[in-house]
Amino acid sequence: MKKVFSVALGVLTAIGGFVDIGDLVTNAQVGARFGLSLGWVVVAGILGICVFAEMSGRVAAVSQRATFDLIRERLGPRMGMANLVASMSVTLLTFIAEIGGVALALQLVSSVNYVLLVPFIAFAVWLILWRAKFSVMENVLGLVGLALVVFGVALWQLGPDWGDLTHRMLAVDKPGDEQWRTWAYYAVALFGAALTPYEVFFFSSGGVEERWTVEDLGTMRTNVFIGFPLGGMLSLAIAGSAAVVFGPMDASVDTLGQVGLPVAVALGKIGLAVALIGFVAATLGAACECGLSVGYSIAQFSGWQWGKYVRADVAARFHVILVLSAVVATGVLMTTVDPILVTEASVVFSAVALPLTYFPILVVANDPDYMGDHTNGRLANALGSVYLVVIGVAALAAIPLMVVTRMGA
Amino acid sequence: MDDRLAGSLDAVLHLLDRQVVDADDLLVCKVDDLELTEFDEGVLGVTALLSGPAALVPRYADRRLGRALHEFWRRLGRTDADRDDPYRIDIDLVERLGSGVELSVGHDGVRVRQGERGHRLNDLLQLPVEDLSGRRLGRVLDVRLEREPGPAGRLRVVGFVVGHGRPGSYLGYDRRPDMGPWLVNRAVRWLHRHSAYVDLDDVAGLDWVPGAMRVDPAALRELEAA
């Protein structure tokens, strides 16, 4: 019974923790402009994150080594350092975007300007990272994040023509007034939103924090293969409801308030309130994961003690990085840079940085020295190789597309 | 996971850049470099793990930018006589080599500065490999080690992987020719199609300064899996 409960809890937190500010904003924007014609990218992204997370989770469970340990070990200090700089820039950008997201969500509730809220939120995030138990942090925020299921309810209440919606998704029916290159840019952005590098840093390091062993592989796989796809359904529901509400109006989504608007249209105040709770929980949870990921990765690259499973003074340098990241994020957001813009940039650069971490994990997940009998099977390697190519193409295309389309303008 | 130290292992692939873990499972440092000592004429072995910036920074010093970085780092501490002196962890303190290097002692005071003693693995990896007439064959990509039998057996160098590219760029596909995924396997093995193995005994000459390893091309053998 206890086992069933822990598996169910893991799946639920995986669902609630799947969506972050990148998914919220990008899916709503794409839904409003392109309908569900890019829905297949979300599906491809979810399968990709499942493949990637399963591999890194399996390596962590079998070898007790997390992502950046492996990157340093397989690529050496030179490539590893280039990798660290690129990945940490993206993760810090995502961290800034998530804290900005919490601030924007609280602004919707309180009508206090988000810039004033930022320092308090950054402090709260740091306090959680410093004091809260790892499992409590993950479970509470993940479960409250389930409030975003309200987007599914909203889509159902809006009563769209389901046949038409699925047809547009399957037929890749791009609206006539949009260009293919803009469409391609948003495809890369959606892919980056679903496959953000920090998710894997956090997932594998979290596995080490929770002392996963070979016995936990089943639970880990259940979380990944059930939790992530169901979480991804929330992404599709956000895109779908934005498509139904904004599509006919030819409006674009530029604020977090507009992301929640379809819920308000469908379900009124109560629905909106639930959506706002979901926004805060999802972005706060992701902010904690991003902040920890920065600390995890730098410490793993350098060989320092890291993790919340030891006392803070034992992992002093790790905790110093957490403090510094919170300070940097506050500083950047206090410049009044638009958090939505930061989010848009972070998802595209996620797509750029992804192959750097994906490739070494793919190699090590095949190495019997590390993995014993748990190396990649045929299916994992077939999917792994396909995604190696897909991720590579997305990474190469991202910046040229960003320039040509002027960030999807 | 088996203890890698029990059999034949590769210094770059299996030791370098691994996490060092103490007896209480706490994280100590990375293996930033290895200390190589010449025991007798022609007998070379690993005597210590080196760590800290003094060991790590020179590993970036491969090209001009790296050398500039090393010089810059040294200038930051001009007053320190031991600036270039890395921390040592004696190889005898290593109990087991799995996904990490496991020590038999706790982490308090385990890293010691004792002055530069032997050679560094990194210096060896920077050496050009030439044939007897001085034509360049490539460089040392990895160093094959084997532990002498017995409880106090030394970790001896038995041979070298020689080829083009960078140390570590074989990613382990030389040791495991059947390792997947197929796509990466073929690509890496194609890039390293000219790489070969040479026994330490077949090395015609090893000069640390000014630096070159001379090898008779006839002594080069095909790489073996293990």
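Here are some questions and answers on a predicted model with chains A and B.

Q: Why is the pair Arg211(A) and Asp25(B) called a salt bridge?
A: The cut-off is a Lys or Arg side-chain nitrogen within 4 Å of an Asp or Glu carboxyl oxygen. For Arg211(A) and Asp25(B) the closest N and O atoms are 3.9 Å apart, so the pair passes.

Q: What makes Arg168(A) partly exposed rather than buried or exposed?
A: Buried is under 20% relative accessible area and exposed is over 50%. Arg168(A) comes out at 32%, so it counts as partly exposed. Its salt-bridge partner is Asp164(A), with the closest N and O atoms 3.1 Å apart. Asp164(A) sits at 33% relative accessibility, so it also counts as partly exposed.

Q: How are Arg168(A) and Asp164(A) placed in helix α8 of chain A?
A: They're four residues apart, about one turn of the helix, which covers residues 162-170.

Q: How do you know that Asp161(A) caps the N-terminal end of α8(A)?
A: Look at the distance: a side-chain oxygen of Asp161(A) lies 3.2 Å from the backbone nitrogen of Gly163(A). After α8(A) comes Val172(A), with a positive phi near 50 degrees.

Q: What makes Arg214(B) and Asp207(B) a salt bridge, and how accessible are they?
A: Their side chains meet at 3.5 Å, N to O, and the limit is 4 Å, so the name holds. Arg214(B) has a relative accessible area of 26%, so it's partly exposed. Asp207(B) is at 31%, so it's partly exposed too. Elsewhere, salt bridges that share partners tie Arg72(A), Asp17(B), Asp32(B) and Arg59(B) into one network.

Q: How do you know that chain B and chain A are in contact?
A: Contact is heavy atoms within 4.5 Å, and 35 residues of chain B are in contact with 34 residues of chain A. The two chains bury about 2700 Å² between them, 54% of it on carbon and sulfur atoms. On the chain B side, Leu27(B), Lys30(B) and Tyr60(B) lose the most area to chain A, together 22% of what that side buries. There are also 13 residue pairs in polar contact between the chains, both residues at pLDDT 80 or more.

Q: Which element gives the largest share of the side of chain B that touches chain A?
A: β3(B) does, with four residues. Elements of chain B that each supply at least two residues to that side include α1 (11-15) and α5 (182-191).

Q: Which helix gives the most to the nonpolar patch?
A: Helix α6 (residues 134-145) of chain A, with three residues. Val136(A) is found in that helix.

Terms used:
Residues are numbered from 1 along each chain as its sequence is written. Chains are lettered from A and ligands numbered from 1 in the order in which they are written. This is a predicted model: local features need pLDDT of at least 70, side-chain atom pairs count only at pLDDT 80 or more; totals for chains, interfaces and linings use all residues. Side-chain values use heavy atoms; hydrogens and water are left out. Buried area is the accessible area (1.4 Å probe) that two parts lose on being put together, summed over both. A polar contact is a pair of N or O atoms within 3.5 Å; within protein, one must be able to donate a hydrogen and the other to accept it, and residues adjacent in sequence count only if both atoms are side-chain atoms. Buried means under 20% relative accessible area, exposed over 50%, partly exposed in between (1.4 Å probe, protein chains only).
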